[in-house]
Amino acid sequence: MTEETPTETLVDERPGWRRQTTIFLTGQTVSLFGSMLVQYAVMWHLTLETKSGGVMALYAVFGFLPQAVISIFGGVWADRLDRKKLIIGADATIAVVTLALAMFMAAGATDLWLIFVAIAIRSAGAGIQMPAVAALLPQIVPADKLMRVNGINGTIQSAMMLVAPAAAAAVYASMSIVAVFYIDVVTAVIGIGLLLMVTVPRLVRSEESKDLGYFDDLVGGVKYIVTHAFVRWILVLYAVVFVLIVAPSFLTPLMIVRTFGEEVWKLTVNELAFSIGMVLGGAAVAAWAGKWNRVRMILISTLVFGVISIGLGLSTNLWVFFAFMFLLGLSVPAFSTPSFTVLQETVEPEMQGRVFGFVGIVMALSMPFGMAVFGPLADTFSVESLLIWAGVALLLVVALALAVPGGRRAMHAANEHATV
């Protein structure tokens with residue numbers, strides 16, 4: 001049963017939030033583990049079976065584009081419907097589709113279109129889940145504990161980046177990709193079962209919003225983002241960081257191969273350095289950053305991204321390069337955790353689904369766009385030069401954003417909402 005509570009007092013006086021949050025995060029972690037197994041296994045399967053760059057490009061399109069499209073609607077659904085039921089519905093749909101794919105492949109059907117359809121549906125499910133999960137957390141977690149909880153959640157997700165590839169490789173090598181699909185179905189069932197145990201206060205919509213239709217809510221969400229200086233600032237910053245930092249960072253394996261040699265252990269250490277940095281960075285944010293100024297953390301970490309990108313491009317020693325990759329991973333939680341937290345703290349509860357839906361769109365589109373730019377450039381210019389120029393561009397963008405009057409107004413609005 002859910003209890004009706006005013007949006008202003010959703011969680012701060014709510015007992016048992018630690019138990020509810022623990023159950024919720026445990027379920028999401030189990031479900032995430034299965035999803036990451038599928039992600040790695042499918043990528044490896046397509047690579048080994050086709051050895052085609054075109055196929056991998058299609059995999060990226062089917063893996064990202066549906067999430068970006070559905071996030072437009074998923075954000076509105078997260079504000080109009082029961083977020084808990086929405087997450088369960090998306091998880092269950094993904095599980096059924098994955099089970100069907102496993103049964104088809106076990107029966108001998110190996111057509112690529114089957115995999116692409118399943119990947120597209122899974123991506124669409126992520127477009128529904130992401131805004132619903134981000135908007136649900138503030139309903140069960142007290143406002144002054146959000147930073148810590150988001151830090152813990154980020155640390156868990158980073159740890160999955162270390163565990164999931166090894167587990168996926170073990171299952172895929174010893175059994176088959178079908179076994180990976182079955183495991184994902186089991187983890188989805190466990191995640192749904194745990195989520196059913198979580199009691200989520202009912203979100204009460206304002207009297208004005210109750211009379212609005214679906215498209216009115218969609219238009220209202222767009223207007224809210226366009227007119228809200230702080231939310232607009234965050235979304236633009238996300239787009240810039242994903243285009244100029246996240247996308248070029250995907251070229252680091254190419255730089256290692258070209259500059260330092262083709263040994264597999266070097267590529268492995270590169271991934272480990274980044275992932276371990278993210279785990280430690282998430283733990284540090286969860287432990288110590290609860291009372292730090294959110295906006296200051298976001299701004300400083302963005303500047304650090306630019307400096308690290310330049311450092312990566314200037315590295316002539318492999319271990320110095322790995323050290324910069326570790327620092328990059330260490331810095332990511334200092335950007336992602338406070339940016340999500342400050343949105344959860346400042347955006348009205350009945351608008352959070354739509355706002356996080358647009359965050360998902362920015363994240364899903366910016367990285368492929370960045371790769372579409374930097375990928376071809378890497379065949380003409382060195383990766384080192386691209387990393388350096390991307391870092392310089394990021395520093396210039398931040399400096400410009402702070403220099404122009406519009407940027408200063410956004411920062412002023414942001415600091416009014418920030419926790420000191």
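**Exercise 1. Check the length of helix α13 in this predicted model: what span should its 29 residues have, and how far apart are its end C-alpha atoms?**

*Solution.* Take 1.5 Å a residue. The expected span is 1.5 Å times one less than the number of residues. For the 29 residues of α13, that should give 42 Å. The end C-alpha atoms lie 43 Å apart, so the two values agree.

Now look at the start of α13. There, a side-chain oxygen of Asn317 comes to within 2.8 Å of the backbone nitrogen of Trp319.

**Exercise 2. Find the nonpolar patch on the surface and state which helix supplies its largest share.**

*Solution.* Step one: list the members. They are Leu162, Val163, Leu272, Ile276, Leu280, Leu327 and Leu330. Together they have about 510 Å² of accessible area.

Step two: assign helices. At least two patch residues come from each of α5 (146–174), α11 (264–288) and α13 (318–346). The largest share, three residues, belongs to α11.

Step three: recall helix geometry. An α-helix has 3.6 residues a turn, so residues three or four places apart point the same way.

**Exercise 3. Classify Leu162: in which helix is it found, and how accessible is it?**

*Solution.* Leu162 sits in α5. Its relative accessibility is 30%, so Leu162 counts as partly exposed.

**Exercise 4. Count the salt bridges, then describe the pair Asp79 and Arg354.**

*Solution.* The cut-off is a side-chain nitrogen of Lys or Arg within 4 Å of a carboxyl oxygen of Asp or Glu. By this rule there are four salt bridges.

In the Asp79–Arg354 pair, the closest N and O atoms are 2.7 Å apart. This pair links distant parts of the chain: Asp79 is in helix α2 (residues 53–80), Arg354 is in helix α14 (residues 352–377), and 275 residues separate them. Both Asp79 and Arg354 are buried.

**Exercise 5. Is each partner in the salt bridge of Arg122 with Asp184 buried or exposed?**

*Solution.* First, the contact: the closest N and O atoms of Arg122 and Asp184 are 2.7 Å apart. The bridge ties helix α4 (residues 112–140), which holds Arg122, to helix α6 (residues 177–196), which holds Asp184; the partners are 62 residues apart.

Next, apply the cut-off: buried means under 20% relative accessible area. Arg122 has 13%, so Arg122 is buried. Asp184 has 3%, so Asp184 is buried.

**Exercise 6. Work through the salt bridge between Asp379 and Arg258.**

*Solution.* The N to O distance is 3.8 Å. Asp379 lies in the loop between α14 and α15 (383–403), Arg258 in helix α10 (residues 252–259), 121 residues apart. At 64% relative accessibility, Asp379 counts as exposed. Arg258, at 44%, counts as partly exposed.

Finally, shared partners: salt bridges join Asp79, Arg83 and Arg354 into one network.

Conventions
Residues numbered from 1 in each chain as written. Predicted model: local features only at pLDDT ≥ 70, side-chain atom pairs only at ≥ 80, totals over all residues. Heavy atoms only, no water. Patch = residues over 30% accessible without salt bridge, like charges linked within 9 Å, V, L, I, M, F, W, Y side chains within 5 Å. Areas by Shrake-Rupley, 256 points an atom, 1.4 Å probe, with all protein chains shown as cover. Helix = DSSP H or I, 4+ residues; strand = E, 2+ residues; numbered from the N terminus. Buried < 20%, exposed > 50% of the residue type's maximum accessible area, 1.4 Å probe, protein only. Polar contact = N/O pair within 3.5 Å; in protein donor to acceptor, adjacent residues only side chain to side chain.
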